[in-house]
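Thanks for taking a look at this one with me. Below are some numbered notes to read alongside the model, in the order I would go through them.

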Amino acid sequence: MKKAIIIGGSSGIGRDLAKILAENGYLVGVTARREERLACLSKEINGLFIKVIDVMKVDQARRLLEELIDEMGGVDLVVLNAGVLFNNKRFDWEEERVVIETNVLGFVAMAHIAMTYFYKQGKGHLVGISSIAALRGRANNPSYGASKAFVSNFLEGLRARAYRDHKDITITDIQPGFVNTDMIKGRKVFWAASSEKAAHQIYNAISKKRMHAYITKKWQLCALLLKWMPRSIYYKI
Ligand SMILES: NC(=O)c1ccc[n+]([C@@H]2O[C@H](COP(=O)([O-])OP(=O)(O)OC[C@H]3O[C@@H](n4cnc5c(N)ncnc54)[C@H](OP(=O)(O)O)[C@@H]3O)[C@@H](O)[C@H]2O)c1
């Protein structure tokens, strides 16, 4: 039986992906801060492993992830999904700090444990949830876009390292556009996919061991537009 751990699976995309992985025969472990949400999910997924982990508490989080891997008797797939986004128009320092500590420091801390384990095992699959926001700087949340650019670039570094070291480790960079979850509640967005649809497409990308996927697929078009849009237009939208 394959074993998967989702970091940040108490709601939204991570929660739906946990259900899909379980339906497809994985033994699943889910982590997050909200214990009551994790307990709820364990009523829906048979044999679910749960662990309360706050990725901002880096040292404790690293120890707890190792503990979870031990409890599950190993892991084949780790999905780094935990992330936060604030509509930080006023450029409040506290919000920028939390984004960096969660989406960058927390991400690397968890990726490091997963990759160290995969190196010892000689194989594994690491999936990072980046964003279309990685492609351009964003006026309302500069650290969020930058944190996701970090995630995508960091994942490529890990892939290059595994290739150099002849390790059978797959690294998948997922870049979603808008997905209807708590993260974007109340915001005016377009082309927002349901969390279930996004999770299904992420599962397909995992099954095919893809290096990269836009979620949903039509966001590939938007990515192209974003990449080539002149600043004079981009700064106005
Ligand atoms: N929704 C979108 O439009 C969209 C678009 C592109 C990318 N994404 C990315 O997709 C991922 C999932 O987001 P979502 O849309 O599903 O939003 P969500 O429902 O808010 O899920 C975020 C998850 O991250 C966990 N998390 C946040 N801070 C954490 C911390 N310090 N320690 C541990 N876990 C933490 C949350 O759990 P707890 O709060 O219980 O800790 C929750 O399970 C994020 O990385 C996000 O940046 C989302």
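1. Let's begin with V79. Leaving aside residues up to four places away in sequence, V79 touches A4, I6, I7, L17 and V127. Please keep in mind while you look that this is a predicted model.

2. Seven strands make up an open sheet with parallel pairing, and their order is β3-β2-β1-β4-β5-β6-β9. At the edges stand β3 (49-52) and β9; each has a single partner strand, so one side of each is left without a neighbour in the sheet. From one strand to the next, the twist averages 15 degrees.

3. Two pairs of strands are worth a look in detail. Strand β1 (residues 3-7) pairs with strand β2 (residues 27-32) in the parallel sense over five bridges, and here A4 stands opposite V28 in β2. Four of the five residues of β1 are buried, so this strand is mostly covered. In the other pair, strand β4 (residues 77-80) and strand β5 (residues 123-129) run in the parallel sense over four bridges. L77 has H125 as its bridge partner in β5.

4. Now to the ligand. Which residues come nearest to the ligand? Of the 31 residues around it, they are G8, G12, R33, R34 and G83. The largest share, three residues, comes from α1. Sorted by class, the shell has 14 nonpolar, twelve polar and five charged residues.

5. Some backbone details deserve a check by eye. The peptide bond that leads from I215 to T216 is cis, with omega near -10 degrees. You will find T216 in the loop between β9 (212-215) and α7 (219-228).

6. Two residues have a positive phi without being glycine. For H166, phi is near 55 degrees, and this residue sits in the loop between α5 (142-164) and β6 (168-176). Is H166 buried or exposed? H166 counts as exposed because it has 8 C-beta neighbours inside 10 Å, where the limit for exposed is 12 or fewer. K209 has a positive phi of about 55 degrees and is found in the loop between α6 (195-207) and β9. With 10 C-beta neighbours inside 10 Å, K209 counts as exposed too.

7. One last stop is G73, in the loop between α3 (58-71) and β4.

How values were computed:
Residues are numbered from 1 along each chain as its sequence is written. This is a predicted model: local features need pLDDT of at least 70, side-chain atom pairs count only at pLDDT 80 or more; totals for chains, interfaces and linings use all residues. A residue is near a molecule or strand if its C-beta atom, placed from the backbone, lies within 6 Å of it. Ala, Val, Leu, Ile, Met, Phe, Trp, Tyr, Cys and Pro count as nonpolar, Asp, Glu, Lys and Arg as charged, and the others, Gly among them, as polar. Two residues are in contact if their C-beta atoms, placed from the backbone, lie within 7 Å. A residue is buried if 20 or more other C-beta atoms lie within 10 Å of its own, exposed if 12 or fewer, and partly exposed in between; C-beta atoms are placed from the backbone. Two strands pair if DSSP finds at least two bridges between them. Axes are lines fitted to C-alpha atoms, for helices over the stretch in contact, and angles run from 0 to 180 degrees between N-to-C directions.
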